[in-house]
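Have a look at the chain first, then read on.

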Amino acid sequence: MLSFVQDGTEALIEALEARPPDEEPLPALRAAFSESLRAVTETVGDHDGEPAYLPALRLIDETPSLLAAHLRYAHEHESEVVGLLARREGIDADDPRPLLLAAIFGAVCFLASREWRTRGQGGTEVLLAVFDRYADHLGPDLFGHWAAK
């Protein structure tokens, strides 16, 4: 089951590596996520009319032991994304910014996946729309006062 997670991580890294070098880190990561999710949902087999990757995501999110293994895998492989972000920006890997962005990105993915699963419907494009709804708030709106908005 966790091979789906590995496939997604590998696709994300490949997509991020292929992004234009002058693209800023957050837009590059967002675009790479969209590209990689589309890639794995198009290449992994069909299950009841939807890509098999999506029911696997639901099952992982709903099963505590699978979710724990998924989070462990993500934690163990986060350094790959961090290192790639640092190299793209020409900074040391011990700079906190790539680590912060990777951690925030992981949280956005987790929250978007949970909301998508609890809605109980929708395919790849719905999941991407939920992801974008969360990721759209990564910017000045997040760090100022919220009540006035």
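Predicted model: local features only at pLDDT ≥ 70, side-chain atom pairs only at ≥ 80, totals over all residues.

Residues are numbered from 1 along each chain as its sequence is written, and side-chain values use heavy atoms, with hydrogens and water left out.

**Overall layout**

- The protein has 7 helices and 2 strands; these are DSSP runs numbered from the N terminus, with helices being H or I of at least four residues and strands being E of at least two.
- Reading from the N terminus, the order is α-α-β-β-α-α-α-α-α.
- Of the 149 residues, 40% count as buried, where buried means under 20% relative accessible area, exposed means over 50% and partly exposed is in between (1.4 Å probe, protein chains only).
- Take the contacts (heavy atoms within 4.5 Å) between residues at least 6 apart in sequence: 58% of them join residues at least 24 apart.
- Helix α3 is largely enclosed by the rest of the structure, because 8 of its 10 residues are buried.
- The buried residues in α3 are Y53, L54, P55, A56, L57, R58, I60 and D61.

**The nonpolar core**

- The largest nonpolar core holds 30 residues, and L16, L29, F33, V81 and F131 have the most contacts inside it. (A nonpolar core is a set of buried Ala, Val, Leu, Ile, Met, Phe, Trp, Tyr and Cys residues joined through side-chain atoms within 4.5 Å.)
- Two or more residues of this core come from each of α1 (3-18), α2 (25-43), α3 (53-62), α4 (64-89), α5 (96-119) and α6 (124-135).
- Helix α5 gives the most to this core, with 7 residues.
- Leaving out residues up to four places away in sequence, L29 touches L12, L16, V81, L85, L101 and F105.

**Aromatic rings**

- There are 3 aromatic pairs in the structure. Rings of Phe, Tyr and Trp (its six-membered ring) pair if their centres lie within 6.5 Å; planes under 30 degrees apart count as stacked, over 60 as edge-to-face and the rest as tilted.
- F33 and F105 make an edge-to-face pair, 5.7 Å centre to centre with 75° between the planes.
- F33 sits in helix α2 and F105 in helix α5, so this pair ties together parts that are 72 residues apart in sequence.
- F105 also pairs edge-to-face with F131, at 5.8 Å centre to centre and 75° between the planes.
- Put together, F33, F105 and F131 form one aromatic cluster.
- F33 and F105 are both buried; F105 counts as buried because its relative accessibility is 8%, and F131 is buried with a relative accessible area of 1%.
- The charged end of R133 sits over the ring of Y134, 5.1 Å from its centre. (That call needs NZ of Lys or CZ of Arg within 6 Å of the ring centre and within 35 degrees of the ring normal.)

**The largest pocket**

- The largest pocket has a volume of about 760 Å³, which is the space filled by probe spheres set on grid points joined across faces, edges and corners.
- On a 1 Å grid over the protein atoms alone, a pocket is an open set of points where a 1.4 Å probe fits, with protein on both sides within 12 Å along at least five of seven lines; lining residues have an atom within 4 Å of a point.
- The lining comes to 32 residues, with H70, A74, F105, G106 and C109 nearest the centre.
- Helices α1, α2, α3, α4, α5 and α6 each give two or more residues to this lining.
- A74 lies in helix α4 and counts as partly exposed, at 38% relative accessibility.
- The C-alpha atoms of A74 and T9 are separated by 8.2 Å, though the two residues are 65 apart along the chain.

- V108 belongs to helix α5 and is buried, with a relative accessible area of 7%.
- Aside from neighbours within four places in sequence, V108 is in contact with F131, Y134, A135 and L138.
- V108 and R133 are 9.6 Å apart, C-alpha to C-alpha, and 25 residues apart in sequence.
- S113 is found in helix α5 and counts as buried at 15% relative accessibility.
- With neighbours within four places in sequence set aside, S113 is in contact with D61 and L127.
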